[in-house]
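Colleague: I am new to this structure and would like to learn how to read it. Could you walk me through it, please?

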Amino acid sequence: MEMEARLGHWGISGPISSILVNRFGSRPVVIFGGLLCGIGMISAAFCTSILQLYICVGVISGFGLALNLQPSVIIIGKYFLKRRPIANGLAMAGSPVMLSTLAPLNQYLFDNFGWRGSFFILGAILLNCCVAGALFRPIGMAAGPVQKQTIQQTEKAAKEQPDKGSAERVHPKTVSLLPGTEQKEDRDCCEKFNKYLDLSLFKHRGFLIYLIGNVLMFLGFFAPIVFLAPYAKHLGIDEYSAAFLLSILAIVDMIARPTTGIIANSKWVRPKIQYFFSFSIAFNGACHLLCPLATDYTGLVIYSVFFGLAFGMVCAMLFETLMDLVGAARFTSAVGLVTIAECCTILLGPPIGGTLIDTFGDYKYMFIKCGAVMVLAGTFLFIMNYYNYRMLAKEEKERKEMEEKTKDNKHTRTETEDGNSWDKEKMQDGPEVEPLREEQEGLKKEVNGLSEV
């Protein structure tokens, strides 16, 4: 539930994080997010009610985590291109490492320092996010003094241009009443907003396919993790063995993410990485559909291994496939728009699963629902990505044909213009050049006669 709440809050804060990153860059946003995380956790150590804990841990620290995670993913697309899938896989591997060690660490801190001391120490640990954010060196050359001086001179010259006459001067109120001025102002406002959050992505075919597939996928993505341990207890397995299933899942997930990144970076997979992502989602769903067949602890261990593998595959390629579709330049806005749409289904998935368990009194219907939804999402993405690849190839072919036609027309027009100019010069110069040619022929005859003598 902690992971679900964290991702749900990250989804709600996604557009805000995207706007801040586009405005200020990744480094200051991560540093500010680290400060919020630390302040929220340390403030929780002095809380006296549950409502105060919700505000400090849920709102303040949750918003800080959103400002940390999203810029960290965005900066990968700016630093890496050739080995970007491997970089994404390695970066995503940090999450299961922390999740697998956080439970024993929390228990140790609680036993030795109490819950107030635990929050205080966790807040101090999270302040190290500021140090990590300071290492996010911006990519690109800053404007040098010569460039700045040139820009200032240009702006100064534009301001000092003389007016063309008093007749052309128009009062600002009169300008605001001219037809089309309001439309132009609205268009300027939209363009300014699009600089920070690019809404034109909703016209991008690949982005819409990714968005619909992911919104459908998250209906069944997190619920099996939430109900895995309760399902094991329902089968009569003791509490510690049931909790160990999550540790098995986290360990396999930790190994699967960088391994998936290496596979996705290969020359056979990367050109068609959307198919690999679709397969991983469908494979995840197939694991859930087969889970009700596991009726003892051995079967649940096998399910946890395969579930960890499929879960790691999806998480390793979740952002890489989006970068592949929209490019690094528009990725910041794309992440913000995707997360705000996904947060609804992330938060709805587990409650729907709990409702099925309460209605039928059995966990298998929840796993079947999650598996069916994810298989449907994987199939949808596979078919639509096939269509998208076909359309991209067709558009690329048409673009090349248009370039060749333009080049041929330009070449033909140049030859025609050269020929016409030559004929024109010949026609213009013809009557004047003929007497000169006759004089030259007469001189040649005289020279020949002298040479014979």
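Predicted model: local features only at pLDDT ≥ 70, side-chain atom pairs only at ≥ 80, totals over all residues.

Colleague: How many helices and strands does the chain have?

Modeller: Helices (H or I, at least four residues) and strands (E, at least two) are DSSP runs, numbered from the N terminus. Here the chain has 17 helices and 0 strands.

Colleague: What share of the residues is buried?

Modeller: Buried means under 20% relative accessible area, exposed over 50%, and partly exposed in between, with a 1.4 Å probe and protein chains only. Of the 453 residues in the chain, 38% are buried. The chain exposes about 26900 Å², and carbon and sulfur atoms supply 65% of that area; such areas come from the Shrake-Rupley method with a 1.4 Å probe, and for residues only the protein chains shown count as cover.

Colleague: Which residues have the most contacts inside the largest nonpolar core?

Modeller: A nonpolar core is a set of buried Ala, Val, Leu, Ile, Met, Phe, Trp, Tyr and Cys residues joined through side-chain atoms within 4.5 Å. The largest one has 67 residues, and Phe207, Leu322 and Phe331 have the most contacts inside it. Helix α14 (residues 297–317) gives the most to this core, with 9 residues. There is also a second, separate core of 6 residues, which includes Met41, Ala45, Cys47 and Cys56.

Colleague: Where does Cys56 lie, and is it buried or exposed?

Modeller: Cys56 lies in helix α3 (residues 50–79) and is buried, with a relative accessible area of 11%. Contact means heavy atoms within 4.5 Å. Not counting residues up to four places away in sequence, Cys56 touches Gly40, Ser43, Ala44, Cys47 and Ser61. Cys56 and Gly40 are 16 residues apart in sequence, with their C-alpha atoms 4.6 Å apart in space.

Colleague: How do helices α12 and α14 cross?

Modeller: Two packed helices are described by the angle between their axes and the distance between the axes. Axes are lines fitted to C-alpha atoms, for helices over the stretch in contact, with angles from 0 to 180 degrees between N-to-C directions. The axes of α12 (residues 239–264) and α14 come within 6 Å and cross at roughly 35°. The crossing is right-handed; that is the name if the near helix is turned clockwise from the far one by less than a right angle, and left-handed if anticlockwise.

Colleague: What does Ala93 touch?

Modeller: Ala93 sits in the loop between α4 (84–92) and α5 (94–126). Ala93 counts as buried because its relative accessibility is 10%. Leaving aside neighbours within four places in sequence, Ala93 is in contact with Met254, Arg257 and Pro258. Ala93 and Met254 are 161 residues apart in sequence, yet 5.3 Å apart from C-alpha to C-alpha.

Colleague: And is Asn284 buried or exposed?

Modeller: Asn284, in helix α13 (residues 273–290), counts as buried at 0% relative accessibility. Beyond its neighbours within four places in sequence, Asn284 is in contact with Phe221, Phe307, Ala310, Phe311, Val314 and Met374.

Colleague: What share of contacts joins residues at least 24 apart?

Modeller: Among contacts in the chain between residues at least 6 apart in sequence, the share is 84%.

Terms used: Residues numbered from 1 in each chain as written. Heavy atoms only, no water.
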